[in-house]
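I'm opening my notebook on this one and going through it piece by piece. My plan is to look things up, jot them down and move on.

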Amino acid sequence: MSDITKKSLTEIVRLIKKKEIKSVELTQAFIKNINNDNKLNSFITNCSENALSKAENFDKRPELETLLPGIPIAVKDLFCTHGVKTTAGSKMLENFVPRYESTITNNLWNEGAFLLGKLNCDEYAMGSSNETSYFGNVMNPIAENTVPGGSSGGSASALAADLTPTTIGTDTGGSIRQPASFTGTVGLKPTYGLCSRWGIVAFASSLDQAGPMTKTVQDCALMLEAMAGFDKKDSTSINKKKENYSKNLTENIKGLKIGIPKEYRVEGMSQEIDNIWENGKKLLKDSGAEIIDISLPNTKYALPTYYIVAPAEASSNLARYDGVKYGFRSVKSDNLIEMYENTRSEGFGDEVKRRILIGTYVLSSGYYDAYYLKAQKVRQMIKNDFDQSFKKVDAILTPSTPSSAFKIGEKKDDPISMYLNDIFTVPVNLAGIPAISIPAGTDNNNYPLGLQLIGKPLDEQKLLNIAYAVEKKINFKQSLNKWWEN
Amino acid sequence: MSIDKDKIKHVSKLARISVDEKKIDGLTKDISSIIKFIEQLNELNTDKVEPLSSILNEPLRLRKDEINDGKIREKILENSPQKNEDFFVVPKVIE
């Protein structure tokens, strides 16, 4: 049989269901790839032993009527896993072992999957290149010393390098879609409230949302089906009926209206990105969709709004790391206040500290109205822009990122240039709506570029259908020479 | 509004993060540039806009105030940096 680890999740599930491959063989194949990797650094915790014993149990009594029968899955190290270290890429949680399981991972295990490992990410999901992780940089399998994007950088890298058949990430401002775009993979940020946040290490609670990262759109539909669902433990979880995204997937998108927002044509954007965007429009037209020019006038204010709202929420969420009940504690303190200050100073990395300080500043007495309240007003305006557009169109097509993957270290010293990576992805989080990034072509270096489709709240099915139609026409293929095995 | 070293020291006190004297100039520079960036919002007139309070279209649910777990003292203590029998230990608070 040809290399099983290169196949789509959908194909692997089919082979398991037809009993053409055993879960143990499948799991061993991925473990072999993980062990052969010497450079990517995409794993923080390797759970090979657990995975193999779960696979053996599965093969003894295969339960085939599930969505993910006998499938090993490595997940972003932001999801709490019972009895398995969960670090959030931080020294603060280096030795934290949750005594509970996040709802999302639990949903995957209930569908027959099991844990293969915990994947590297930017510290507390704050970063766009995976360079803020306490556990070191992750490399993008497309080229040595190139970033995989972030914050779900380990997830994207492991997926693209065939170290896991599928994975999950979280997306607060682009942390699923930007790394998907950088690695030539598919990533979906669902509607806020569709996937439970319970048991996910919190960054900015009104923006955080978990989602699937996969090799194909069909895989993405399957994973979303497994992940989504009402959870009474998350007060912002939406109570709605489960949908069969994979079964209802169709490439028939005739008559759908797709909006092209003129504000996404930003200064300095490369010709290559413009080309894939134009090509995306053409392919949608060929599929029978109608292209409509639209305007999202407040787009340029999304990033400044995000850098008030997200740090504000982070400063509040991360106040819990005080060295008392769990996590790192500094040893060189004489009194309680010093213990707090030293614990947080030594336990958090520079980017996390910077964001906590910004968040504390914008919420502090005398500044709240000028920054936080102002940002919440602009956030409403950004949401209104989308609401207005969705009266005219079914979905919106944009590039996923303003550039392809860059070199490690290239943008590390300038926070603003790093933040600009998320210029096309952030508005979606502010509005709480779903969006998917699919690979759409390459640049001069042969680095992948993604296209983003943005949909109405809870309209994931339509979004997946459009992505499916475009994916079929683009027929993106990536062949990597496994340099990381040397 | 500009931000200076004293302001950074004040905010770090509020956030309970001690800042190394050697790093404070760089931090002030970075945070100033970010503050300048977010102040682009001042170009916008928002007088007639209501601030967004929730992005969900439905109101938050209330739940019954019921006990649904408990007897997990040991589990909780397992992750504590320092404990003594059933207590979390912290540096002395009262002299």
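In what order do the elements of chain B run from the N terminus on? I read them off as α-α-α-β-β. For my own reference, helices (H or I, at least four residues) and strands (E, at least two) are DSSP runs, numbered from the N terminus.

**Ground rules.** I'm looking at a predicted model, where local features need pLDDT of at least 70, side-chain atom pairs count only at pLDDT 80 or more, and totals for chains, interfaces and linings use all residues. Residues are numbered from 1 along each chain as its sequence is written, while chains are lettered from A and ligands numbered from 1 in the order in which they are written.

**Confidence.** I checked pLDDT, which is the predictor's confidence in each residue, from 0 to 100. Chain B averages 91, and 99% of its residues score at least 70. Within chain B, helix H3 (residues 73-77) has the lowest confidence, at a mean of 92, and helix H1 (residues 5-14) has the highest, at 96. For the complex, I noted an ipTM of 0.95 and a pTM of 0.97 from the predictor.

**Overall build of chain B.** I looked up the radius of gyration, taken over C-alpha atoms; the globule rule is 2.2 Å times the number of residues to the power 0.38. Chain B comes out at 23 Å, but a compact globule of 95 residues would be near 12 Å. Its C-alpha atoms fill a box of roughly 55 × 50 × 25 Å along the principal axes. Then I asked how much is buried (20 or more other C-beta atoms within 10 Å of its own; exposed means 12 or fewer, partly exposed in between, with C-beta atoms placed from the backbone). In chain B, 15% of the 95 residues count as buried.

**Overall build of chain A.** Here I counted 15 helices and 11 strands. The radius of gyration of chain A is 21 Å, close to the 23 Å that the globule rule gives for 486 residues, so chain A is as compact as a globular protein of that length. The box for its C-alpha atoms is roughly 65 × 55 × 45 Å along the principal axes. Buried residues make up 60% of the 486 residues in chain A.

**A sheet in chain A.** I found three strands in an open sheet, ordered S1-S3-S2, with mixed pairing. Strands pair if DSSP finds at least two bridges between them. At the edges sit strand S1 (43-46) and strand S2 (72-76) of chain A, each pairing on one side only. From one strand to the next, the twist averages 35 degrees. S2(A) pairs with strand S3 (residues 114-119) of chain A in the parallel sense, over five bridges. I also spotted Val75(A) standing opposite Lys118(A) in S3(A).

Two helices of chain A lie across S1, S2 and S3: helix H2 (residues 23-36), at about 45 degrees to S2(A), and helix H3 (residues 48-60), at about 165 degrees to S3(A). These angles run from 0 to 180 degrees between N-to-C directions, with axes as lines fitted to C-alpha atoms, for helices over the stretch in contact. Contact means that two residues have C-beta atoms, placed from the backbone, within 7 Å.

**Where the chains touch.** Which numbers describe the contact between chain A and chain B? I got 52 residues of chain A in contact with 37 residues of chain B. On the chain A side, H12(A) gives the most, with 11 residues. By class, that side has 24 nonpolar, 16 polar and 12 charged residues. Ala, Val, Leu, Ile, Met, Phe, Trp, Tyr, Cys and Pro count as nonpolar, Asp, Glu, Lys and Arg as charged, and the others, Gly among them, as polar.

I noted a cis peptide bond joining Gly150(A) and Ser151(A), with omega about 5 degrees. Ser151(A) is in the loop between S3 and H5 of chain A.

Asn475(A), in the segment after helix H15 (460-474) of chain A, has a positive phi near 50 degrees. Is Asn475(A) buried or exposed? It counts as exposed, because it has 6 C-beta neighbours inside 10 Å.

Arg16(B) has a positive phi too, near 55 degrees. Arg16(B) has 20 C-beta neighbours inside 10 Å, so it counts as buried.
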